[in-house]
Amino acid sequence: MIPTDKDPIEPRSNSSGEISPADKTQPPVPYHSALEEPGEDSMRRVFRLLDNVPAMAYRCRNDPSWTMDWVSQGCLPLTGYEPEDLLLNRRVAYGNLIHPDDRGMVWDTVEQALARREPFELVYRIRTAAGELRWVWERGFGVFGPTDHLQAIEGLIIDITARVEAEEKLRRAQEDLERQVAQRTAQLSETNEQLRVEIQSRIAAEEVLRSKQRLLEDGLAVQERERQILAYEIHDSLAQDLTGLLMLLDSLLARGFDLQAELRSGLEQLRKGLRATLEKTRLLISRLRSPTLEDVGLSESVAELIRQALFSHKLDIELQSEGPLDELPSAIKMAAFRIVQEALTNAIRHSRSDRILVRMAAWPTRLELEVRDWGVGFDPDRPVPEHFGLEGIRKRAELLGGKVTISSTPGGGTQVLAEFPLEGGAAP
């Protein structure tokens with residue numbers, strides 16, 4: 001404990017009634033005081049002014065009870081005790097109002113500040129006369145005499161319960177917010193991990209799909225080469241043989257030999273059969289051997305296909321083309337040509353329609369193909385055996401990620417609509 005002057009402090013006055021300069025370091029005795037009251041009216045006004053401050057001003061001794069020598073009226077709203085109750089510990093010692101868990105901290109902090117001759121600041125809890133727990137802020141300093149002895153401690157105590165409770169609510173709200181943020185962050189992290197795994201799975205699946213598509217494209221290319229080879233073989237062997245026999249038969253009939261009527265009739269029928277067979281052979285060759293798409297393009301290849309059909313059949317076939325059809329990938333162009341070829345052949349053979357529409361449109365993300373007739377149609381739920389080529393159209397489109405829709409009603413014609421994705425698009 002810091003040593004204190006034991007005698008009560010009484011300010012000395014000079015002959016004029018003023019406090020001597022040597023004693024101006026001593027604080028005046030307040031209104032609520034255990035010491036003798038001063039006689040000056042000005043001092044009383046100061047003390048009354050302190051009573052109106054919403055805080056507790058005090059002068060106490062340096063002991064564990066913090067024995068009050070004077071205290072302002074502000075102690076009543078703060079502690080629930082009148083100033084007279086705290087003076088000289090008449091009813092209660094202020095030290096006993098301090099929360100037991102905070103008394104040691106308060107004593108140590110004050111003693112250390114006094115030892116350094118410095119002011120001190122404290123935040124601690126007190127228990128009021130009504131048993132309420134309040135938080136207070138205190139600032140004080142030691143008053144030292146001429147002999148450097150501690151005479152008293154003076155200070156101010158303010159109720160900060162509302163502020164502490166607000167800060168506590170803010171702290172709890174912040175902790176709750178941080179907890180929610182942590183939970184949300186964990187959820188987002190988990191979601192991101194799931195998305196990462198899903199994206200990797202999709203990338204792997206797309207790579208597998210692209211690999212399969214490349215294999216299918218290679219297979220289609222091999223199939224096309226085999227068809228070309230077969231077409232050449234038919235042309236170089238069967239078609240030439242048939243042509244030679246027909247030329248020989250034409251030559252015999254042209255010489256005008258006196259042949260029996262039945263023999264001449266048989267030869268005429270044979271010549272007609274040979275011509276029909278040769279025409280079918282040529283048609284088979286044209287179906288097996290597609291035009292050179294890389295040289296003439298898809299539009300011209302389909303146009304040539306329509307010209308061949310018009311040469312053999314009296315039909316109105318309309319061709320509509322839109323977009324950069326000739327800039328499509330080779331596999332797409334080949335598939336498009338085969339689908340139009342198959343659908344057009346089916347329409348010519350089975351629809352009995354005198355009008356056929358062929359439409360091709362290349363958009364930025366998809367290719368559309370349409371072959372439509374206004375003929376007899378059929379029931380899609382009961383497919384006609386001759387229409388087996390429609391299933392081949394579906395399979396060819398599916399190999400390249402496309403989709404084929406076939407719409408038909410008996411007597412209402414038939415529409416074959418094929419769609420292919422382009423540049424990463426997806427067929428609807």
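A salt bridge is taken here as a side-chain nitrogen of Lys or Arg within 4 Å of a carboxyl oxygen of Asp or Glu.

## Basis of the report

The structure is a predicted model, in which local features need pLDDT of at least 70, side-chain atom pairs count only at pLDDT 80 or more, and totals for chains, interfaces and linings use all residues. Residues are numbered from 1 along each chain as its sequence is written, and side-chain values use heavy atoms, with hydrogens and water left out.

## Salt bridges

Under the salt-bridge rule, the count is 22. Side chains of opposite charge can pair when their charged atoms come close. Helices and strands are DSSP runs numbered from the N terminus (helices: H or I, at least four residues; strands: E, at least two). An α-helix has 3.6 residues a turn, so residues three or four places apart point the same way. Arg-172 is exposed at 55% relative accessibility, whereas Glu-168 is partly exposed at 26%. These classes follow relative accessible area, computed with a 1.4 Å probe on protein chains only: buried is under 20%, exposed is over 50%, and partly exposed lies in between.

A second bridge links the side chains of Arg-134 and Glu-132 at 3.2 Å, N to O. Here the arginine, Arg-134, is buried with a relative accessible area of 18%, while Glu-132 is partly exposed at 40%.

## A salt-bridge network between strands

Glu-419 and Arg-366 also meet through their side chains in a salt bridge, at 3.8 Å from N to O. Glu-419 is in strand β10 (residues 414-421) and Arg-366 is in strand β8 (residues 366-373), so the bridge ties together parts that are 53 residues apart in sequence. Through shared partners, salt bridges join Arg-359, Arg-366, Glu-368, Glu-370 and Glu-419 into one network.

Strand β1 (56-60) is mostly covered, with five of its five residues buried. Met-56, Tyr-58 and Cys-60 lie on one side and Ala-57 and Arg-59 on the other, and both faces are covered. Two strands are said to pair if DSSP finds at least two bridges between them. β1 pairs with strand β5 (residues 150-159) in the antiparallel sense over five bridges, and Met-56 has Ile-157 of β5 as its bridge partner. β1 also pairs with β2 in the antiparallel sense, over three bridges; in this pairing Arg-59 stands opposite Trp-70.

The structure holds zero disulfides (pairs of cysteine sulfur atoms within 2.5 Å). Among the cysteines, Cys-60 is buried with a relative accessible area of 3%, and Cys-75 is buried at 0%.

## The loop between β1 and β2

Asn-62 lies in the loop between β1 and β2 (68-71) and is buried, at 3% relative accessibility. The side chain of Asn-62 makes a polar contact with that of Glu-111 at 3.3 Å. A polar contact is a pair of N or O atoms within 3.5 Å; within protein, one must be able to donate a hydrogen and the other to accept it, and residues adjacent in sequence count only if both atoms are side-chain atoms.

Rings of Phe, Tyr and Trp (its six-membered ring) pair if their centres lie within 6.5 Å, with planes under 30 degrees apart counted as stacked, over 60 as edge-to-face and the rest as tilted. The count by this rule is one aromatic pair. Trp-66 and Trp-107 form this tilted pair, 5.2 Å centre to centre with 45° between the planes. Trp-66 is in the loop between β1 and β2 and Trp-107 is in helix α5 (residues 100-115), so the pair links parts of the chain 41 residues apart. Trp-66 is buried at 7% relative accessible area, and Trp-107 is partly exposed at 22%.

## Helix α9

Helix α9 (residues 330-351) has 22 residues and reaches 31 Å from its first C-alpha to its last, close to the expected 32 Å. The expected span is 1.5 Å times one less than the number of residues. Of the 22 residues of α9, 18 are buried, so the helix is largely enclosed by the rest of the structure. Arg-352 follows α9 and has a positive phi, near 60°.
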